[in-house]
Amino acid sequence: MLGFLKEPVVVTAKINVNLVALTLMGLISRLWGLCYPRAVVFDEVYYGQFVSLYMKRIFFVDDSGPPFGHMLLALGAYLGGFDGNFLWNRIGAEYSMNVPVWSLRLLPALAGALCVPLAYQILVELHFSHCAALGAALLILLENSLITQSRFMLLESILIFFILLAVLSYLKFYNLQKHSAFSGSWWFWLLLTGVACSCAVGVKYMGLFTYMLLLAIAGLHFWHMIGDQNLSNVSLLCHFLARGLALIIIPMGMYLSFFYVHLALLYRSGPHDQIMTSAFQASLEGGLARITQGQPLEVAYGSQITLRNVLGKPMQCWLHSHTNTYPIRYENGRGSSHQQQVTCYPFKDVNNWWIVKDPGMQQLVVSNPPRPVRHGHIVQLVHGITTRYLNTHDVAAPLSPHSQEVSCYIDYNISMPAQNLWRVEIVNRESDTDVWKTILSEVRFVHVNTSAVLKASELSGASLPEWGYRQLEVVGEKLSKGYHQSMVWNVEEHRYGKSQEQKEREVELHSPTQMDISKNLSFMAKFTELQWKILTLKNEDTEHKYSSSALDWITMDTNIAYWLHPTSGAQIHLLGNVATWASANTAALVYLCLSLWYLLRRRRKIYDIPEDAWQLWVSAGGICGGGWAVNYLPFFLMEKTLFLYHYLPALTFQILLIPVVLQHLGNHLCRSVLLKSMFSALIVAWFSSVYFVYCTFSPVTYGQPALSLTELKALRWKDTWNILIRKQ
């Protein structure tokens, strides 16, 4: 039985030395001196704030994209023992000793380093020579802009890593299709394609461009499979379901999981939750949850409530009134009702409290048992402190003359009767008998007499003048087709009124509630709201010193100064390798011209290259050229502040196109031995120029050594580059 022990156990393995060497060189180029500078570099000031919030479990919203990339940066901070205590307020600020700089920058650097072997493998899987693949990897290795972007706490290198991983995985899956369909490795690479695509989208929405490209390529390949008579209908169905599972269902599930982890980690209230609905805020620990915990769920006649406008723009505000009245005449000469002012006030205040009254009864307390208010019920809203009724009538609003004035009614003994009946319409109801619920219900108040809807004015700068204390205007909107969020309100704070006497009621309005009813939102409800905020929340785009247009990127007419040493001339810039960028543009142009030439010739039944070479040319163009197009052209349609680093994913694909074109030219256009020798010599000279440019600009790629004034001026190869030169 133990005879097998007589012979030694031998394990053999094939090691691709090229791949190992490229990986090591990638790691050295990205990890060398990673802690330098020990200061905040450019957008680290932006992402660092989110990392600190993760460490402290404080909720935030970032309108730039999904949370997966932020979580990866936070993972590096967690592994380094970061406690989140650092003030991210200034580029160039020195990191304190509690900030693990190496750990914070490690994951982006690793991702950038692994892009080098990924580029090599992609060219191999596209069936190009190992020499061409090695050239592609070396071009990625020596690209100054990719090095700079991967050495700091930024997301572009992570995005490019997952994009290249998705492309490589799909190519490996496709190459296994003919001989190993449904094998273990076939499933592995197919599933990894979907996982990598979801990760790319989860880092930045720019990853969606490559995801769509791969879906289109997969769809085209499946369309060709349909025409294969050797495949049965059952086999085609299995192929379709496998691709649907791996490329659509799993990425969707993973995308949801990113938000699930994000929301599970960030359970504490913070500065960003004010833009969320009251229900979302109440689900977070602290903040609104401390105020609303234990509130009654169902609004009843006699309830004391505050009403928050759902729109939350230009800022969150609550329905409010105070003893001051509208002026008899406005500055423009128009008259008012001189009734008590009703506004939307952006701060919590005792004058935000209202009492829900039954029009058929006089009592302002909740009966026992409480009588809940339902959809369609008629109510009166009584201002808690002044006890005047919410009213609107056919008088023009102060800032919106086409809308009705909203006021609290004062009886002046003139022919202006009270019109204070409002119908409650629950917008998000499930049935017409739904009960009005605290926080959860979104309601409209429709005026019974005029059908006007209570609305927070959407006018830009709709703040009342000094007589209205600069508070926001509230109007009755007469033309209300459908509904807008500015017409929708929700009960935020709520208690059951017990005091009929006014003085006792005023004391009650200042007191916390005691009843205990939970209002936790489901994950899907929180995800839907957060996703909508990310997609619709727009920060005011301001012109940045280093912002640029998409046209500037191709010729690299712009740069970004990332960091400047406070005393010496040492500095870091996002600047590409000029030789590589020019070569990439030339390769793209040559590919386009040759493709058009071949297509015209093939139309005339003239075949300049063999069919397998043509298929290789087309497939490489679909991946590399298509990757460049989908990651670049959409920026011409975007209305946002753009920077040079937005071009890096597209540039990566364009660089991969260079060896594709060079190998094609060498194989099919250089037919004689002399031409091939001259072509090889030109490639060596060209690659030497790429290395020379890399070395020339490495001081502003790595930030060291510090350069003299003359050396810095010598680096300004273009007048549009902003190389920082200190005044002597």
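Q: Is Y174 buried, partly exposed or exposed in this predicted model?
A: In this predicted model, the relative accessible area of Y174 is 37%. Buried means under 20% and exposed means over 50%. Because the value of 37% falls in between, Y174 is partly exposed.

Q: In which helix does Y174 lie, and how far is its C-alpha atom from that of W189?
A: Y174 belongs to helix 7. Along the chain, Y174 and W189 are 15 residues apart. Their C-alpha atoms are separated by 8.8 Å.

Q: Which residues are the closest to the centre of the second largest pocket?
A: The second largest pocket holds about 960 Å³ of space. Its lining is made up of 30 residues. The closest to the centre are Y174, K178, H221, H224 and S619.

Q: Which helix gives the most to the lining of the second largest pocket?
A: Helix 7 (156-175), helix 8 (177-180), helix 10 (207-226), helix 11 (233-265) and helix 18 (611-632) each supply at least two residues of this lining. By class, the lining has 14 nonpolar, 11 polar and five charged residues. With eight residues, the helix that gives the most is helix 18.

Q: What is the distance between the end C-alpha atoms of helix 3?
A: Helix 3 has 12 residues, and at 1.5 Å a residue it should span 16 Å. The distance in the model agrees with that expectation, being 16 Å.

Q: Which residue with a positive phi follows helix 3?
A: Phi of this residue is near 80 degrees. The residue that follows helix 3 is G81.

Q: Where is I439 placed, and is I439 buried or exposed?
A: Phi of I439 is near 65 degrees, a positive value in a residue other than glycine. I439 is placed in the loop between strand 8 (422-426) and strand 9 (443-447). Its relative accessibility is 3%, so I439 counts as buried.

Q: What is the relative accessible area of M556?
A: M556 is found in the loop between helix 16 (550-554) and strand 13 (560-564). Its phi is positive, near 50 degrees, although M556 is a residue other than glycine. M556 is buried, with a relative accessible area of 2%.

Q: Which residue is joined to P37 by a cis peptide bond?
A: P37 lies in the loop between helix 1 (17-31) and helix 2. Omega of the cis bond is about -5 degrees. The residue joined to P37 is Y36.

Q: What is omega for the peptide bond from N368 to P369?
A: P369 lies in the loop between strand 4 (353-357) and strand 5 (378-383). Most peptide bonds are trans. The bond from N368 to P369 is cis, with omega near 5 degrees.

Q: How far apart are the C-alpha centres of domain 1 and domain 2?
A: The chain is divided into domain 1 (157-260) and domain 2 (295-512). The C-alpha atoms of the chain fill a box of roughly 110 × 75 × 70 Å along the principal axes. The centres of domain 1 and domain 2 lie apart by 53 Å.

Note on methods:
Residues numbered from 1 in each chain as written. Predicted model: local features only at pLDDT ≥ 70, side-chain atom pairs only at ≥ 80, totals over all residues. Heavy atoms only, no water. 1 Å grid on protein atoms, 1.4 Å probe; cavity = no way out; pocket = protein on both sides within 12 Å on 5 of 7 lines; lining within 4 Å. Points joined across faces, edges and corners; volume = space filled by probe spheres on them. Helix = DSSP H or I, 4+ residues; strand = E, 2+ residues; numbered from the N terminus. Nonpolar A, V, L, I, M, F, W, Y, C, P; charged D, E, K, R; others polar. Expected span 1.5 Å × (residues − 1). Domains from an automatic or database assignment. Buried < 20%, exposed > 50% of the residue type's maximum accessible area, 1.4 Å probe, protein only.
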